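Let's take a walk through this one together. Have a look at the whole thing first, and then we'll zoom in on a couple of spots.

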Amino acid sequence: MSSRAVRFSILGTTVIVMAVVAPFLPSKWMTTLTYAQIFAVYAMGWDILSGMTGQISFGHIFFVAVAGYTTGLLNLYVKWPIWATIPLGVMMAVLAGLLFSVPALRLRGPYFSLITLILPLAAARLVIILADWTGGELGKFGVAALCPFPDFKANQYCNYYSLWGVMTGVGLFLVWLSTSRVGKILEAIRENEEAVEAAGINTAKYKIFAFAVSACVVGLGGAFSVHANEAIFFNSLMSLTTSLEMIVASVIGGMGIIVGALWGGFLVRGGEQVIRELAQLKLPIGTEGLALSFLERWATLIFFTLLIILLFFARQGLLPLLAGLFRRRRGEVRGG
Amino acid sequence: MALLHVENLRKSFGGLMAVKDLSFHVEPGEIVGLIGPNGAGKSTVFNLIMGILKPDRGQIFFKGQEITHWPTYKIVNAGIARVFQIAQYFPRKTVYENVEISAIPNEIFTRAPDPTPKTLQSCERTGLCEHSSHENHCICREELPGMLPQGGLRRLELARAIGTDPELLLLDEPFAGLSPAEVDEISHLIASLRNEGQTIVLVDHNMRGVMRLVDRIVVLCFGEKIAEGTPEEVARNPQVQEAYLAGGGF
């Protein structure tokens, strides 16, 4: 899984499949995958910092919120067009990441993780305090749309492919970065930070850089999500669940290899949709009410149990597991 | 001018004085042995030089420049590298990838040359080439460090240190935990580095092992320098003999 070519081909195959299948998808699935693409961007952004350096952040949703609120509110109140407010939102996320990373990276392990968890909690408070302006927990509607077509279908396609473009661009950049010299250093920091210092590398500088890139990517996803929704949704920009799901996605797919987070992102969001559809299945009359309520209540729990079972058998994640099987198979053929 | 100059270095841990007003210097091209019984403060001296520990007082000069309070990476880039007593490697990277980290410069945005030739050179100088590789052409081993024997790990440590282009190499107990055959291999390797002009400070508690390798010996006992001189002079010194007998012999 270390080779650059392998990662680029997995990325390439995935994004090509995503581009090709879109027209054949039912409308509901198209919407799901539109948002799954944003979520995959979040997960890949989390992975370049936490997956690669081992500094586990619980609070990456904070950067989604910073970028999302910046672009949304500027667009809403100052009436700046989205091509100006989205980059400003991303810049704010990077700035927030830089400001935060300098003190945060002095802490290690669980202390670092805890401090990252406090960020989105504090930001959510702030948004509620400034509710007159931010809309508080209700959010704000009327933000400029990413795709201003009057036709629903055209809009859906435009959103899907715009976010596909964002995901593809982010994926290409992060796979390149993760396999560059910088990526090698980040991996080495995860394995033995003292040894990296002993090799003459300023590890703090590299971690701050990774923090900035991570905040930038996650912020980009957050800014686009606001305009795809045409609204500032408090529950989506401030969701701690999403923050934790970024970790789940990356771990499930395989940490620190970017494409693992990409796959994990689709698995988590796609899996949730499958469970939701199962919960709405038409069942024989009589059993219907019982089964429905059962599935609805237990769906998420079942889904996460399945994920835990998967992790039990493939602790290193899905992609490294597949790669290992593939290599063993090839090895057997060569040996025989 | 001395390459390394340590002056009145002092470091205590609570009530224990680990290094007490230590001064010594290292000339370019020299191999200096820093020896002493267990607990004499030898490894602490290395940690102080590398900026891993901060001294209570005293100064460290490298090439005439004071480096006392520099961070480790800056000291390494100035030209000092250290081989740890306990191998410090990247367990999930191959031997090649381990050595490569030392060849990567400390700049994120850089057009620095490809680190590959330097990595291969470090492997070649420490004997970490693949056995099946072509003549005159080294390919670093592709196995994980966990697969290497103790002697191989020591070579890997040396390769990672050499990869930073050090003017001064600090070796912390390079023979600890090695079989007699591996001790021979590693001392040959150190001798060959010396012949290439590498300046080395070598820490060991075993004087006999380093006698034939070093030009000069500094003897530490309870954090203090009790003797300094050629191996022959030091071996004849009654204070040294006493310290070693009291500390369990050598």
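What percentage of the 336 residues in chain A do buried residues make up? They come to 52%. Keep in mind as we go that you're looking at a predicted model.

Chain B has an average pLDDT of 88, and 96% of its residues score at least 70.

Now for the overall build of chain A. You can count 15 helices in chain A, plus 2 strands. A compact globule with 336 residues would have a radius of gyration near 20 Å, and chain A has 21 Å, so the two agree. The contacts tell you something about how the chain folds back on itself: take those between residues at least 6 apart in sequence, and 79% of them join residues at least 24 apart.

Time to zoom in. Start with A:Leu262, which sits in helix H13, the stretch covering residues 259-279 of chain A. Is A:Leu262 buried or exposed? Its relative accessible area is 0%, so A:Leu262 counts as buried. Leaving aside residues up to four places away in sequence, A:Leu262 touches A:Leu11, A:Thr14, A:Ala40, A:Met44 and A:Met167. A:Phe233, on the other hand, is 29 residues away along the chain, and its C-alpha atom is separated from that of A:Leu262 by 24 Å.

Our second stop is A:Asn75, in helix H3 of chain A, which runs over residues 61-78. A:Asn75 has a relative accessible area of 8%; buried means under 20%, so A:Asn75 is buried. Which residues does A:Asn75 touch, again not counting those up to four places away in sequence? Among them are A:Trp80, A:Pro81 and A:Ile82, as well as A:Val143, A:Ala144 and A:His227. A:Trp263 is 188 residues from A:Asn75 in sequence, and their C-alpha atoms are 33 Å apart in space.

How values were computed
Residues are numbered from 1 along each chain as its sequence is written. Chains are lettered from A and ligands numbered from 1 in the order in which they are written. This is a predicted model: local features need pLDDT of at least 70, side-chain atom pairs count only at pLDDT 80 or more; totals for chains, interfaces and linings use all residues. Side-chain values use heavy atoms; hydrogens and water are left out. Helices (H or I, at least four residues) and strands (E, at least two) are DSSP runs, numbered from the N terminus. The radius of gyration is taken over C-alpha atoms; the globule rule is 2.2 Å times the number of residues to the power 0.38. Buried means under 20% relative accessible area, exposed over 50%, partly exposed in between (1.4 Å probe, protein chains only). Contact means heavy atoms within 4.5 Å. pLDDT is the predictor's confidence in each residue, from 0 to 100.
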